[in-house]
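Work through the exercises below with the sequence and the model side by side, and try each task before you read its solution.

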Amino acid sequence: MAKGLLMTYTLWAVGGPAGLHHLYLGRDSHALLWMLTLGGGGLGWLWEFWMLPSFVAQANRAQEQRQGSGRGTPPLSLIRFVAQMIVGMYFGLVALISLSFMASFYIVGLPLAVGLGVLLVAAVGNQTSDLKNTLGAAFLTSPIFYGRPIAILPISLAASITAQKHRRYKPSVGSETLSVRLYRLGLAYLAFTGPLVHSVLCHTAVTLSYVADTLGSFLSWFSFFPLLGRLLESVLLLPFRAWKLLVGDHGISSSYFQEWEKLYEFVHSFQDEKRQLALQVFGLSEGATNEEIHGRYRELVKTWHPDHNRYQMEEAQRRFLEIQAAYEVLRQPRKPRGSWRSNATINTFKRVLGLPWWSSG
């Protein structure tokens, strides 16, 4: 059935940031992208106002266009390449916040998340790219920057270049029912948002701290490239800017930032308390070296391993899990108290709030 321009504009106005108009036009990849980014932070949704007629025309001749253009190569698009880079980094940041507890995160989780973000943009419209080569480039780049949040940038760059190199038109496929398409989109949406929601609801304080630290370390790298840093800053803070534009400046003042500062201080005090409890479990004092921590960990694990305590299995299991949890806390690098004040993220928030960078409230 032919798609109508009036219906497309109506869905764009009513549920554009959620991708309803793209779902109506059969552009499922574009719909999912808008669902996960709220219409590209609002800017992509507004920019589409002038693009909807071409989207409708493309949807109405999709079958013939795919059959006729399947043998060629789509033209190179700078806009698509930049979008692949941005969405790849966005997926990587979300993965850092919600999945970094994984043992092999920097080898498996991070390149997979960034690569899927790049592939999602590559599949927008009538184009797609090669899954194997794009993910392969992401996985090969990841070990070079192992353990560093800045790894998101080179992984996204390598995956985006590979996706552009292997770009092609989508093959002609049969139509699917709406229920099947919604089921697939729902699974993809839950796979993206599920770990993040769990992290926010179950580990709120830790998540807040990790968001600030991740964004701070990521943005601080761009201090060598001020223009690029400002651009990335604007992209990352786009949802906040859109919210501020919609609701005005109510509550956005130095007092608001002061409350945020108190919350951040609470997070750090909470982390200090966890470290003190972990040191008590290990029987160590503040200032213990990494060698002392590792040595004490090996001793305690050997002593309280359930296989070595068959006559007090319940107590051994409890102590063993306690030792493992304490070790996870102590092996994390500890940042100097108050170092957050020079954090690039905090200074960014201050600029957004209209505060001078040296202000404390």
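The model is predicted, so local features need pLDDT of at least 70 and side-chain atom pairs count only at pLDDT 80 or more, while totals for chains, interfaces and linings use all residues. Residues are numbered from 1 along each chain as its sequence is written, and side-chain values use heavy atoms, with hydrogens and water left out.

**Exercise 1. Describe the make-up of the protein: how many helices and strands are there?**

Solution. Begin with the elements, which are DSSP runs numbered from the N terminus (helices are H or I with at least four residues, strands are E with at least two): the protein has 18 helices and two strands. Next, take burial, where buried means under 20% relative accessible area with a 1.4 Å probe and protein chains only; 42% of the 361 residues count as buried.

**Exercise 2. Find which residues of helix 5 are buried, and how they are placed around its axis.**

Solution. Helix 5 covers residues 52–60, and its buried residues are Leu-52, Phe-55, Val-56 and Gln-58. Looking down the axis of helix 5, these buried residues fall within an arc of 165 degrees (taken from the directions from the helix axis to the C-beta atoms), so they line one face of the helix. As background, an α-helix has 3.6 residues a turn, so residues three or four places apart point the same way.

**Exercise 3. Locate Ser-142 and decide: is it buried or exposed?**

Solution. Ser-142 sits in the loop between helix 9 (131–141) and helix 10. Its relative accessibility is 1%, and therefore Ser-142 counts as buried. Leaving aside residues up to four places away in sequence, Ser-142 touches Tyr-106, Ile-107, Pro-111 and Ile-155, a contact being heavy atoms within 4.5 Å.

**Exercise 4. Describe the largest cavity: which residues line it?**

Solution. A cavity is a set of points on a 1 Å grid over the protein atoms alone where a 1.4 Å probe fits but cannot get out, and lining residues have an atom within 4 Å of a point. The largest cavity has a volume of about 30 Å³, the volume being the space filled by probe spheres set on the points, which are joined across faces, edges and corners. Its lining consists of Arg-80, Gln-84, Ala-122, Gln-127, Thr-128, Ser-129, Ala-163, Gln-164 and Arg-167. Helix 7 (78–99), strand 1 (127–128) and helix 10 (152–165) each give two or more residues to this lining.

Methods. On a 1 Å grid over the protein atoms alone, a cavity is a set of points where a 1.4 Å probe fits but cannot get out, and a pocket is an open set with protein on both sides within 12 Å along at least five of seven lines; lining residues have an atom within 4 Å of a point. Buried means under 20% relative accessible area, exposed over 50%, partly exposed in between (1.4 Å probe, protein chains only).
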